[in-house]
Amino acid sequence: MVDLVTINNVSFNYGKIPALRNITLSIPAGSLIGMIGPNGSGKTTLIRCLCGLVKPSGGTIIINSKDLSSLGRRDLARLVGYVPQVQEKPFPVPIFDAVLAGRIPHLEWAPSIYDLDVVSHILSLMDLEDISQRNINTLSGGQMQRVQIARALAQEPLILCLDEPTNNLDIKHQLSLMNLVRNLTRNRNMLTFVSIHDLNLASQYCDRLVLLKNGEIFSSGTPQEVLTRENVRNVFGINVAIHTHGDLIHIVPVNKADVRKLEHI
Amino acid sequence: MTTLPSSVSVSPNPAAQHRRQNLHKNIILLIGGILVIVMAMYALTLGPYPMTIGDVIRALIGNGSDVYRAVIWNIRMTRILSAIFAGAALAVSGMVMQNVLRNPLASPSTLGVSRAASFGAAFGIVILGVGSTQSHSVSFDMPYLIALSAFIASIISTGVIILLARIRDASPETMILAGVAMSSLFTAGTTSLRYFAIDEVQLGSIIFWTFGDLGRTEWTTLTIIAVCTVVAIIYFFLNRWRYNAINSGEEVARTLGVDTSRTRIISLLVSSLLTALVVSFVGVIGFVGLVVPHIVRRIVGTDSRFLIPGCCIAGALLLLVSDTVARTMLSPVIMPVGILTSFIGAPLFIYLIIRGRKHW
């Protein structure tokens, strides 16, 4: 099986400061990839490289057997959808129009019936159809997040990148968002990258995790393979206890003094 | 490839609603367009030489008395068409500036275009010595030279802002701050030129120039303004989807395939040149570029497909009504419309802040 995305020896520098070094990954379609790691470890930079927001200083990113650096802006926009961490405050538009913006890479003069149908379909998929004419300034954080994802889906991308999508959401919305993203990834056979801080959430929903430290991949694989006590201690510098419940793992931070107590339980 | 199932139209509701909304917006634009024509016809009847609407129509189609035809074609028509084109140009430029800078306060005045033009005009009057020769009255002997001087100053101001954006970054913040800096620099320049003016006539000319007045145009200047306005509006309209993308946020727009820096710089250049041109010929007309886009957003929304024509229509209508009021209110004294728009604009803007703050 040909992998949808192949990242080959990618590096990126902010000025002289290296942000990514020798990133090599190869991932098939249909998987949800969680990028984890401390602040400044390169999660966001890697996502920005994948979306074409920044150009890697070295290495290649191959999407669907096309070199990302050889693609035009619009071609790339038809392949990769992006959901940023913070939504800049725009002039108000109805939800429908905000999602219709996702069709812009496909538009010539005006949206076709097909374009409008794609938007309609995605709005119902995202449970936004009943409020499609509401202004986006009136939405809650969770609704806004869904609108952003809907816009990215309207691009009909093969790759979806979400930068810390669960920030600013309460636990219920965090869970429903991750659930939604996982289902979308599988049903549409996309490849989705999320950068995420919550290790439990990441392990619960992601098919694979990429643990970054100082711009390098420290470990990658299934959540069970990546989230070990040693890895977490080496990358985050904290001690954790890891409990296993069937397929699920739970990570609980502990003080040194508490470790012994927990190990007794 | 993610394709949609063939039974896409499970729920055609949102798309149908969207189409219905668009139809409403088109109807509103059509009504606005008709209002402009009606208002223009009415304005043609007004003035020190009163006419009926019948006289106006007869003069327009080439009948009626020579006097009527002369009054209509040589005096009132240029003024009314100037109001329409200048109003459209200022409003649509303000809208484009607000949109590409994603800042509700962007306008020809905040970006320094108006102040630079005022400085350029004052420079022409004082240093180049045009405008006050023997006449001993406030007049502009060489209007083209003053206009050229004003235009060049505006280009310099815009050029500095765009150059700064190139050196630093093309972020909206950089550009707004640069505009504020250039504004105050040019204000200082104008103030010192006023100080060095040799006589009251020069001083009067400088001050008088800053009151925008549509009576200064004749057919040649009007043609220049009209052609440039139409070309710029076409350019803006071709960019409508890019403006919509930019409204989704800077980074999102880039991942939607839009070169945001390029779009921002060229759009700013075109809108600045257009306002510079208008201001150079008719003087400073405040608030139209700032207030009209906000009013139109409340009526037809933010979608540039409707906002661009909406701003053209509303800007034309506002300036036409203002000018008609300004020239008939204190008749036979004709008040410069720039004074009136500033009087209407400021309270209108405060009202919009109070009522519509949730909009941004």
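Is B:Asn22 buried or exposed? The relative accessibility of B:Asn22 is 11%, so the residue counts as buried (buried means under 20% relative accessible area, exposed over 50%, and partly exposed in between, with a 1.4 Å probe and protein chains only). B:Asn22 lies in helix 1 of chain B; helices (H or I, at least four residues) and strands (E, at least two) are DSSP runs, numbered from the N terminus. Apart from neighbours within four places in sequence, B:Asn22 is in contact with B:Arg305 and B:Phe306, where contact means heavy atoms within 4.5 Å.

The structure is a predicted model, in which local features need pLDDT of at least 70 and side-chain atom pairs count only at pLDDT 80 or more, while totals for chains, interfaces and linings use all residues. Residues are numbered from 1 along each chain as its sequence is written, chains are lettered from A and ligands numbered from 1 in the order in which they are written, and side-chain values use heavy atoms, with hydrogens and water left out.

The pLDDT is the predictor's confidence in each residue, from 0 to 100. For chain B it averages 83, and 91% of the residues score at least 70. Over residues 6-11 of chain B the pLDDT stays under 50, and the model has 4 contacts for this stretch beyond four places in sequence. Residues 132-139 of chain B also have a pLDDT below 50, with 12 contacts in the model beyond near neighbours in sequence.

A further residue of chain B, B:Met51, is placed in the loop between helix 1 (13-45) and helix 2 (53-60). B:Met51 is buried, at 9% relative accessibility. Not counting residues up to four places away in sequence, B:Met51 touches B:Thr45, B:Val56, B:Tyr68, B:Val71, B:Ile72 and B:Arg76.

In chain A, helix 6 (residues 171-187) has 17 residues and reaches 24 Å from its first C-alpha to its last, close to the 24 Å expected at 1.5 Å a residue; the expected span is 1.5 Å times one less than the number of residues. The buried residues of this helix are A:Gln174, A:Leu177, A:Met178, A:Leu180, A:Val181, A:Leu184 and A:Thr185. Seen down the axis of helix 6, they fall within an arc of 160°, so they line one face; the arc is that of the directions from the helix axis to the C-beta atoms. An α-helix has 3.6 residues a turn, so residues three or four places apart point the same way. On the other side of helix 6, A:Ile171, A:Lys172 and A:Asn187 are exposed. The cover over the buried residues includes strand 3 (32-36), helix 4 (113-125) and helix 5 (141-154) of chain A. At the N-terminal end, A:Asp170 caps helix 6, with a side-chain oxygen 3.2 Å from the backbone nitrogen of A:Lys172. Just after the helix, A:Asn189 takes a positive phi of about 55°.

The structure holds 0 disulfides over all chains, a disulfide being a pair of cysteine sulfur atoms within 2.5 Å. For A:Cys49, the closest cysteine sulfur is that of A:Cys51, at 9.3 Å, which is too far for a bond. A:Cys49 is buried, at 0% relative accessibility. The sulfur of A:Cys206 is 13 Å from its closest cysteine sulfur, in A:Cys161, again too far for a bond. A:Cys206 is buried as well, with a relative accessible area of 5%.

Terms used: Polar contact = N/O pair within 3.5 Å; in protein donor to acceptor, adjacent residues only side chain to side chain.
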